[in-house]
Amino acid sequence: MYSDLVIEGHALGTWSAAYLKQAQDNIASYPGPQVGKCGIMDDILALLAIGAASSKDADMVRELCDYSAEVLDPESENEFLFGRAGYLYLLRMVKASFVDDPKTLQLITDNQEDVIDAILDSPRPWKWHGKVYIGAVHGAVGIITQIVLTNPKKYAEKLEAELAVLLTYQYDSGNFPSSVPPERDRLVQVCHGAPGVIVSLLSIKEYFPSLKEKIEKAIAKGRECILERGLLTKEPCLCHGILCSSDCCQVRR
């Protein structure tokens with residue numbers, strides 16, 4: 001996207017390669033994916049995904065897919081940070097670099113289908129650490145988002161009713177509870193609350209035409225909440241701060 005951008009005399013591709021080399025040189029010190037710890041937070045999975053996507057290395061894709069055993073284990077989680085939804089995100093990111101490689105593309109697709117089947121076969125409501133979470137990182141919104149973005153034609157209609165229920169949990173303030181039954185209207189951040197939910201809704205709303213009005217109302221209310229209680233009050237960090245809030249708070253232009 002920014003092929004002409006140069007920082008301290010080097011293009012972004014050079015910086016990316018240097019970043020990946022540091023990780024590759026120290027890969028032996030990373031524990032690797034484990035059951036219950038196999039989402040986007042895992043160093044090995046992230047390294048393989050970024051490396052495969054940036055260098056179009058099919059061997060790295062195969063290594064990434066070989067870790068599906070940990071992801072598909074019955075004891076694995078379904079959420080984004082530590083679980084199957086995060087693994088789906090990594091597969092989808094990699095897949096975009098192999099549109100002209102049918103064999104690798106099929107390998108990725110087969111893994112995506114297996115992971116989605118495992119998520120959908122899990123008991124409802126989805127839980128993390130024994131609680132029913134709502135948000136984009138640990139909850140149902142994040143899980144639905146990754147499934148739908150992986151294959152909207154196949155799964156959007158199947159998940160429409162669940163998404164419709166999640167929209168009803170929005171507080172009058174525009175925020176969303178972190179879990180159900182709803183507790184105090186407190187957290188406004190990407191992992192719990194409106195910022196993560198709004199980012200998710202923006203990315204999938206086109207696949208739910210019958211929910212268009214409800215989704216747009218939820219986004220509008222959520223943005224007002226983010227402006228008041230997130231963007232103007234948070235420290236500048238990613239998961240809990242304004243770096244997330246600013247992405248989804250396009251209230252007035």
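Helix α6 buries T104, I108, N111, Q112, E113, V115, I116, A118 and I119. This is a predicted model.

**Helix α6**
- Helix α6 runs over residues 102-120 and has 19 residues.
- From its first C-alpha to its last, α6 reaches 26 Å, close to the 27 Å expected at 1.5 Å a residue.
- The buried residues of α6 pack against α3, α4, α5, α7 and α8.
- An α-helix has 3.6 residues a turn, so residues three or four places apart point the same way.

**Helix α2**
- Helix α2 takes in residues 43-55, which makes 13 residues.
- Buried in α2 are I44, L45, A46, L47, L48, A49, G51, A52 and A53.
- The cover over these buried residues includes α1 (12-25), α3 (58-66) and α5 (84-95).

**The pair α7 and α8**
- Helix α7 spans residues 140-150, and helix α8 spans residues 152-167.
- The two pack at an angle of about 160 degrees, with their axes 8 Å apart.
- Angles over 145 degrees count as roughly antiparallel, and α7 and α8 are therefore roughly antiparallel to each other.
- Their crossing is left-handed.
- On the α7 side, the contact is made by A140, V141, I144, I147, V148, L149 and T150.
- On the α8 side, they meet P152, Y155, A156, L159, E162, L163 and L166.
- The residues of this contact divide into twelve nonpolar, one polar and one charged.

Conventions. Residues numbered from 1 in each chain as written. Predicted model: local features only at pLDDT ≥ 70, side-chain atom pairs only at ≥ 80, totals over all residues. Heavy atoms only, no water. Axes fitted to C-alpha atoms, helices over the stretch in contact; angles between N-to-C directions. Helix = DSSP H or I, 4+ residues; strand = E, 2+ residues; numbered from the N terminus. Parallel < 35°, antiparallel > 145°, perpendicular 65-115°, else oblique. Left-handed = near helix turned anticlockwise from the far one by under 90°. Contact = heavy atoms within 4.5 Å. Nonpolar A, V, L, I, M, F, W, Y, C, P; charged D, E, K, R; others polar. Expected span 1.5 Å × (residues − 1). Buried < 20%, exposed > 50% of the residue type's maximum accessible area, 1.4 Å probe, protein only.
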